[in-house]
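This briefing describes the fold of one protein chain, grouped by topic. Please consult the sequence and the model shown below while reading.

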Amino acid sequence: MLGPLPSISPFPASNPMSSATQPVRIGRRDPARVVIEWADGHTTEYSTAQLRRLCPCAQCIHELTGRQLLDPASVPDDLTQRDVRLVGNYAIAVQFADGHNTGIYTFVALRAKDPGAAEG
Ligand SMILES: [Zn+2]
């Protein structure tokens with residue numbers, strides 16, 4: 001059953017490719033982190049383990065219920081990545097050292113879930 005559209009849009013109301021969600025650099029030199037520099041000057045830093053726990057793929061998040069299937073405790077804090085590549089112009093895909101590589105992380109979600117951002 002299709003309900004009304006959710007009231008909270010994943011995109012900023014003004015422009016989905018605003019400078020806040022447009023990366024100018026994605027750093028992956030340190031295998032234990034992924035650093036994203038945004039066009040508005042903000043820098044978002046994820047540890048690779050944090051990114052792995054946020055994986056939105058169908059193996060990690062139930063497609064219908066949205067329930068997390070991945071046990072976050074099963075991801076070691078020192079997990080590393082072997083590669084980060086661009087997906088189109090809207091997302092990145094991460095090759096994790098544990099072999100997982102099916103997650104697509106959109107820029108909008110990466111910015112929204114910034115672990116360094118203040119709450120609220
Ligand atoms: Zn996944």
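The model is a predicted one, in which local features need pLDDT of at least 70, side-chain atom pairs count only at pLDDT 80 or more, and totals for chains, interfaces and linings use all residues. Residue numbers start from 1 along each chain as its sequence is written.

**Overall architecture**

- The chain contains two helices and six strands; these are DSSP runs numbered from the N terminus, with helices (H or I) of at least four residues and strands (E) of at least two.
- Read from the N terminus, the order of elements is β-β-β-α-β-β-β-α.
- Of the 120 residues in the chain, 18% are buried. A residue is termed buried if 20 or more other C-beta atoms lie within 10 Å of its own, exposed if 12 or fewer do, and partly exposed in between, with C-beta atoms placed from the backbone.
- Among contacts with a separation of 6 or more, 38% are between residues 24 or more positions apart; a contact requires C-beta atoms, placed from the backbone, to lie within 7 Å.

**Confidence**

- The mean pLDDT of the chain is 88, and 83% of the residues score at least 70; pLDDT is the predictor's confidence in each residue, on a scale from 0 to 100.
- Confidence is lowest in β1, with a mean of 95, and highest in helix α1 (residues 48-53), at 98.
- Residues 6-13 have a pLDDT below 50, and this stretch makes six contacts in the model beyond near neighbours in sequence.
- Where pLDDT is low, the predicted coordinates should not be read in detail.

**The sheet β1-β2-β3**

- Three strands form an open sheet in the order β1-β2-β3, with antiparallel pairing. Its edge strands, each pairing on one side only, are β1 (23-27) and β3 (43-47).
- From one strand to the next, the twist averages 15°; such angles run from 0 to 180 degrees between N-to-C directions, and the axes are lines fitted to C-alpha atoms, for helices over the stretch in contact.
- A hairpin of five connecting residues links β1 to β2. Within this pair, P23 has W38 as its bridge partner, and G27 has V35.
- β2 and β3 run antiparallel and are joined by five bridges. Here V35 is the bridge partner of E45, and E37 that of T43.
- Four residues lie between β2 and β3 in their hairpin, and G41 in the turn has a positive phi of about 95°.

**Faces of the strands**

- In a regular strand the side chains alternate between the two faces of the sheet.
- The covered face of β2 carries V34, I36 and W38, whereas R33, V35 and E37 lie on the uncovered one.

- Three bridges connect β5 with β6 in an antiparallel arrangement, and I92 has Y105 in β6 as its bridge partner.

**Nonpolar core**

- The largest nonpolar core has eleven residues: V34, I36, W38, Y46, L51, I92, V94, F96, Y105, F107 and L110. Such a core is a set of buried Ala, Val, Leu, Ile, Met, Phe, Trp, Tyr and Cys residues joined through C-beta atoms within 7 Å.
- At least two residues of this core come from each of β2 (33-38), β5 (91-96) and α2 (107-112).
- Apart from its neighbours within four places in sequence, I36 is in contact with P23, I26, T44 and L110.

- A91 lies in strand β5. Why is A91 classed as partly exposed? The class applies because 17 other C-beta atoms lie within 10 Å of A91.
- Not counting residues up to four places away in sequence, A91 touches I104, Y105, T106 and F107.
- A91 and P23 are separated by 68 residues in sequence and by 9.7 Å in space, C-alpha to C-alpha.

Technical notes. Two residues are in contact if their C-beta atoms, placed from the backbone, lie within 7 Å. Two strands pair if DSSP finds at least two bridges between them.
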